[in-house]
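I opened the model to look up a few local features. My notes follow the order in which I checked them.

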Amino acid sequence: MSAVTPLPQERRLVTAIPGPKSQELQARKLGAVAAGVGTTLPVYVTRANGGVLEDVDGNSLIDFGSGIAVTNVGNSAEAVVAKASEQLAAFTHTCFMVTPYEGYVAVAEQLNELTPGDHEKRTALFNSGAEAVENAVKIARAYTKRTAVVVFDHGYHGRTNLTMGLTAKNMPYKQGFGPFAPEIYRVPVAYPYRWLTGAENCAAEAAAQAIDIINKQIGAENVAAIIIEPIQGEGGFIEPAKGFLPAIVEYAQANGIVFVADEIQTGFCRTGQWFACEDEGIVPDLITTAKGIAGGLPLAAVTGRAEIMDAAHAGGLGGTYGGNPVACAAALGAIETMKEQDLVGKAQRIGEVMLGRLRSMQEKFDIIGDVRGRGAMIAVELVKPGGKEPNAEATAAIAKACHAEGLVVLTAGTYGNVLRFLPPLVMPEHLLNEGLDIIEGAFALQGVTAA
């Protein structure tokens, strides 16, 4: 078993981005890979570690994406590599539903312990976030004997047929792929920056509107599940106004509705807590996880109240690869790393640094309409000067400028006007600040200030 060789934690540009070897590989990709599989930044990675990605041309880029909130523990984290390698040498697959193994059980035990609430819990493992959400719907329907599912404006839950229906944004996720699964209903979310009567009224008014729609258009007695991201991811890192989530949870509890927290992007220390719903003391009936769970290997889970999880009949949950033994070993290594390296605390520190710097930028650049987020899940929403009209053009231009300087950033938002930052939680602070310097320089290139 080979040990992880740490990469120098530095930005290093030896070619233009993308370099010639990456461009050659991109030409091969265009000839071999379906056109629908897009690429944010076509630099082809050969190694990654800590807070950097090294490409085929020898460039070292600062990573503010973490593979979309996956490598929370950093790429090739030592415990992840060690445990996954050991398992890889032992056996790669048996199918847990045929001949089981301890790793699956151990991951389930960890999730039952770590997720919010001290009630008795059960866990089922899957491969992807979308698969976890689909199974949460199945479980809720089996438990309640109801069919309707309620989701929220700006929500994102996946790319399968059911989860496309749950997802709010049409392009690129839904366009041309319908018809979608029935019995899905969408209600308002408390989006403080864009609430028409002001952020101070947002929580109460949005909750009242959502509940009114459910009561009038669906009927609470028909609702199996209410599903929400405690901080919305693809929708633009929207943190619902304080008080909104507790009001929705209270309504769900009063009406026998299963409340599902979709923590696929927010989970595993990302927001400065193990799970984002802890911020307001939310204890979900079911919680879906994936992304950061296994340090980059495909794994997902549904964890929840034992009586709800056990409602599905034997054989009703599962899948050939669900809870793959190598992925389970990696998850145990990732969770060990999160605990031993206090990645909750490190995420909190990243949030302090990023929010401070970005709010200073907001005072300089009037295209920055809002700075928001928690921990290492931070975003800026860009607008046209003098109002709140979304500025997708500037967002794309700033992302492109950051990429050219060797900083991987992502965009998001229903209106395509949000820059989102998801650095690995192990990122050294000097790289974090260097990345923020690049972002500030990219804003300055736009030439739009508050002056």
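**Cysteines**

I began with Cys 402, which is buried at a relative accessible area of 1% (buried is under 20%, exposed over 50%, partly exposed in between, with a 1.4 Å probe and protein chains only). The model is predicted, so I note that local features need pLDDT of at least 70, that side-chain atom pairs count only at pLDDT 80 or more, and that totals for chains, interfaces and linings use all residues. Residues are numbered from 1 along each chain as its sequence is written, and side-chain values use heavy atoms, with hydrogens and water left out.

I looked for disulfides (a pair of cysteine sulfur atoms within 2.5 Å) and found zero.

Most residues other than glycine have a negative phi, and most peptide bonds are trans. I listed exceptions. Cys 269 has a positive phi of about 75° and is not a glycine; it sits in the loop between strand S8 (258-262) and strand S9 (286-289). Helices (H or I, at least four residues) and strands (E, at least two) are DSSP runs, numbered from the N terminus.

Asp 342, also not a glycine, has a positive phi of about 50°. I place Asp 342 in the loop between helix H10 (325-340) and helix H11 (343-364), and it counts as partly exposed at 45% relative accessibility.

Which peptide bond next to Pro 172 is cis? The bond from Met 171 to Pro 172 is, with omega near 10°. I found a cis bond between Gly 178 and Pro 179 as well, with omega about 5°. Pro 172 lies in the loop between helix H6 (161-166) and strand S6 (184-187), and Pro 179 is in the loop between H6 and S6.

**Strands**

I then traced an open sheet of four strands with mixed pairing, in the order S1-S2-S3-S13. Strands S1 (45-49) and S13 (407-408) are its edges, each pairing on one side only. Two strands pair if DSSP finds at least two bridges between them. S1 and strand S2 (residues 52-55) are antiparallel over four bridges, and Val 45 stands opposite Asp 55 in S2.

Next I took strand S15 (residues 418-421). Val 418 and Arg 420 on one side, and Leu 419 and Phe 421 on the other, are all buried. Strand S12 (residues 377-382) runs antiparallel to S15, joined by four bridges, with Glu 381 opposite Val 418. Strand S14 (residues 410-412) pairs with S15 in the antiparallel sense over three bridges, and Ala 412 stands opposite Val 418. The hairpin of S14 and S15 has five residues between the strands, and Gly 413 takes a positive phi near 105° there.

**A buried arginine**

Arg 374 lies in strand S11 (residues 368-374). I find it buried, with a relative accessible area of 13%. A polar atom of the Arg 374 side chain is 2.9 Å from the backbone oxygen of Ala 276.

How values were computed
A polar contact is a pair of N or O atoms within 3.5 Å; within protein, one must be able to donate a hydrogen and the other to accept it, and residues adjacent in sequence count only if both atoms are side-chain atoms.
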